[in-house]
Amino acid sequence: MSADRDRFWMARALAEAERGRGAVEPNPLVGAVVVRDGELVGTGHHERFGGPHAEVFALQRAGDQARGATLYVTLEPCCHQGKTPPCTSAILQCGIARVVAAIRDPFPKVNGDGAARLRAEGVPIEFGILAEEARRINAPYLKRLATGLPYVRSKWAMTLDGRTATTTGDSRWISGSRSRALVHETRGRMDAIVAGIGTVLADDPMLDARPPGPRTAARVILDSQARLPINGRLATTARAIPVWLAVTDRAPRERIVSLEALGCEILRFPGDGPVPILGLLEELGRRGLTNLLVEGGGAVVGSFLDAGQVDEVDVFVAPLVEGGSHGFSPVRGSGFSLMAEVPRLADLDVSVIDGDVRIRGILPSPWRRSERFRSDQA
């Protein structure tokens with residue numbers, strides 16, 4: 001079959017995979033299509049964590065037409081008994097003649113063994129078709145396998161002159177209603193949303209998704225001294241939506257006791273300085289988090305950037321010019337001394353939303369060069 005045709009069907013499988021976003025994590029997004037004699041006979045995607053895999057749905061829908069067909073799948077089929085039976089067994093039982101997979105699955109119980117099982121039974125499997133696209137949609141899964149850390153997106157809204165508030169601190173609203181709705185959609189697919197105590201004290205935010213999405217994100221507040229107001233919206237809703245308060249040795253015990261009584265969970269870090277970003281991410285990774293949204297303020301975003309732990313940005317630029325010489329900027333921290341050192345976004349996606357310009361892109365990270373992320377051979 002031609003490479004163009006393979007790319008066409010793999011693109012269809014990638015679109016299927018996207019349908020599971022927010023519902024399957026920490027599992028990967030996976031899509032599959034079954035093609036026989038140039039015709040689509042079955043589609044499927046991984047729909048929920050713990051549920052059947054994409055290949056199973058696609059093969060079931062193909063039925064008898066799967067025999068002699070080609071299966072296109074965005075990730076190497078699994079070969080082990082987990083929450084579901086191995087997909088390689090289903091592929092062999094249905095009589096699939098050829099498998100095309102975008103990338104290898106670096107999960108230790110798969111990691112080339114799925115391909116080896118199929119080849120041992122006489123079913124050829126090829127890798128590499130739209131591999132970059134497959135790695136892109138599963139970057140959170142691949143980062144967590146490579147590093148044990150969640151994937152970090154940073155979001156902010158700003159004026160044309162780079163301000164996140166007026167000189168008085170007023171920030172409602174910089175972006176338009178449609179942009180804010182898209183932010184709520186993103187929140188509804190996150191495992192946690194991070195903000196600093198400065199933002200909380202200034203805005204008393206809920207940091208929730210409205211309407212709710214497929215996931216309910218924990219609200220993680222960087223608050224070294226446990227200053228979270230006990231009458232604020234976060235503390236008073238902590239039993240309904242998790243609030244995790246990251247504190248250091250600077251936090252008074254009586255404040256911790258009061259906040260725990262309201263349902264806040266305390267994440268303690270040693271030292272009398274700010275909350276360590278890498279230590280926080282390691283703790284969130286141990287808790288199984290895959291997707292993290294950092295919303296600010298500028299000092300918090302800057303601390304993640306200084307730590308080399310911003311993987312992706314999502315920025316809304318409003319057609320406003322605020323002026324002034326205040327410090328309400330979206331990213332602070334140490335910054336860079338030379339413009340040549342400043343990381344440049346890749347995979348840019350720019351769109352206009354009711355007058356706002358939305359800019360999305362990924363930042364270079366060492367883990368993206370790791371074997372677990374890059375390999376598309378097996």
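Let's start with the cysteines of this predicted model. The sulfur of Cys 78 has its closest cysteine sulfur in Cys 87, at 3.7 Å. A disulfide needs the two sulfur atoms within 2.5 Å, so the pair is too far apart for a bond. The count of disulfides in the model comes to zero. Cys 78 is buried, with a relative accessible area of 7%. Another cysteine, Cys 264, also counts as buried, at 5% relative accessibility.

Cys 87 turns up again when we look at how helices pack. Helix α3 covers residues 87–94, and Cys 87 is one of the residues through which α3 touches helix α2. Here are the two helix pairs side by side.

| Helix pair | Axes come within | Crossing angle | Handedness |
|---|---|---|---|
| α2 (residues 54–62) and α3 | 9 Å | roughly 20° | left-handed |
| α3 (residues 87–94) and α4 (residues 113–120) | 10 Å | roughly 25° | right-handed |

What do these angles tell you? An angle under 35 degrees counts as roughly parallel. With axes that cross at roughly 20°, α2 is therefore roughly parallel to α3. In this contact, α2 supplies Glu 55, Val 56 and Leu 59, while α3 supplies Cys 87, Ala 90, Ile 91 and Cys 94.

The axes of α3 and α4 cross at roughly 25°, so these helices are roughly parallel to each other too. Here α3 makes the contact with Thr 88, Ser 89, Ile 91 and Leu 92, and α4 answers with Gly 114, Arg 117 and Leu 118. Look for Ile 91 in the structure: this residue of α3 takes part in the contact with α2 and in the contact with α4.

Now for the inside of the model. In soluble globular proteins, nonpolar side chains tend to be buried together. The largest nonpolar core here has 43 residues, and Met 10, Val 34, Ile 96 and Val 99 touch the most other members. Apart from it lies another core of 29 residues, among them Leu 289, Val 294, Val 313 and Leu 363.

Which residues does Val 34 touch, leaving out those up to four places away in sequence? Its partners include Leu 40, Val 41, Ala 58, Leu 59 and Ile 96, and also Glu 39 and Thr 70. Leu 59 also belongs to the α2 side of the contact with α3.

Finally, find helix α11, residues 277–286. Seven of its 10 residues are buried, so α11 is largely enclosed by the rest of the structure. The buried ones are Ile 277, Gly 279, Leu 280, Leu 281, Glu 283, Leu 284 and Gly 285. Just after α11, Gly 288 takes a positive phi of about 90°.

Terms used: Residues are numbered from 1 along each chain as its sequence is written. This is a predicted model: local features need pLDDT of at least 70, side-chain atom pairs count only at pLDDT 80 or more; totals for chains, interfaces and linings use all residues. Side-chain values use heavy atoms; hydrogens and water are left out. Buried means under 20% relative accessible area, exposed over 50%, partly exposed in between (1.4 Å probe, protein chains only). A nonpolar core is a set of buried Ala, Val, Leu, Ile, Met, Phe, Trp, Tyr and Cys residues joined through side-chain atoms within 4.5 Å. Contact means heavy atoms within 4.5 Å. Axes are lines fitted to C-alpha atoms, for helices over the stretch in contact, and angles run from 0 to 180 degrees between N-to-C directions. Helices (H or I, at least four residues) and strands (E, at least two) are DSSP runs, numbered from the N terminus. Angles under 35 degrees count as roughly parallel, over 145 as roughly antiparallel, 65 to 115 as roughly perpendicular and the rest as oblique. A crossing is left-handed if the near helix is turned anticlockwise from the far one by less than a right angle, and right-handed if clockwise.
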